Every structure is written in structure tokens, then in C-alpha cells.
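Please keep the sequence and the structure at hand while reading.

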Amino acid sequence: MYKVKVENPCSCFIKNGLSELQDFETKEQAKVTADKLLQQMKRTFCQKHEFSMIEKFGDFTISIRPRR
């Protein structure tokens, strides 16, 4: 089981009704979903935050931090 997790969800994330944790059968499915989610957030959210993604043991974590 592979996971896509979002840390520190911002109000834009919550308003869009997105899930903070998703499970997948394959690493490839998790990677595709994480990439799509990250791009959606960068493209459509209010730009008050920065987004980054790391992979660890096949799980993908997207972090949301305030812009400096």
C-alpha cells in the first residue's frame, strides 16, 4: 500500500474538498496522483503558500508552507 499525504492543509485545500490522505495499490498510481495534486495546487490556489513534495519509501508527502 502506497500513500499520498498532505501536511498542513491550507484553506484553499480545504475549500476544494481534497483528501489529506489517499491510499494506492501501486507506487506508480500514488506518484501520478501526487504529481497531479501538486500541479493543481500550484496552478489554482491563492499563491499565499509554497508547495513541495518528497518521496520516502514509496509514499509521497506534499507540504504546504506560507510564502516568505
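## Exposed loop residues

Asn 8 counts as exposed because its relative accessibility is 53%, where exposed means over 50% relative accessible area, buried under 20% and partly exposed in between, computed with a 1.4 Å probe on protein chains only. The model is a predicted one, in which local features need pLDDT of at least 70 and side-chain atom pairs count only at pLDDT 80 or more, while totals for chains, interfaces and linings use all residues. Residues are numbered from 1 along each chain as its sequence is written, and side-chain values use heavy atoms, with hydrogens and water left out.

Asn 8 sits in the loop between strand E1 (2-7) and helix H1 (11-15), helices (H or I, at least four residues) and strands (E, at least two) being DSSP runs numbered from the N terminus. Phe 57 belongs to the loop between strand E3 (49-56) and strand E4 (59-66), and Phe 57 also counts as exposed, because its relative accessibility is 75%.

## Backbone angles

Most residues other than glycine have a negative phi. Asn 8, although not a glycine, has a positive phi of about 55 degrees, and Phe 57, likewise not a glycine, has a positive phi of about 55 degrees.

Leaving aside neighbours within four places in sequence, Leu 37 is in contact (heavy atoms within 4.5 Å) with Val 4, Val 6, Phe 13, Leu 18, Gln 22 and Ile 62.
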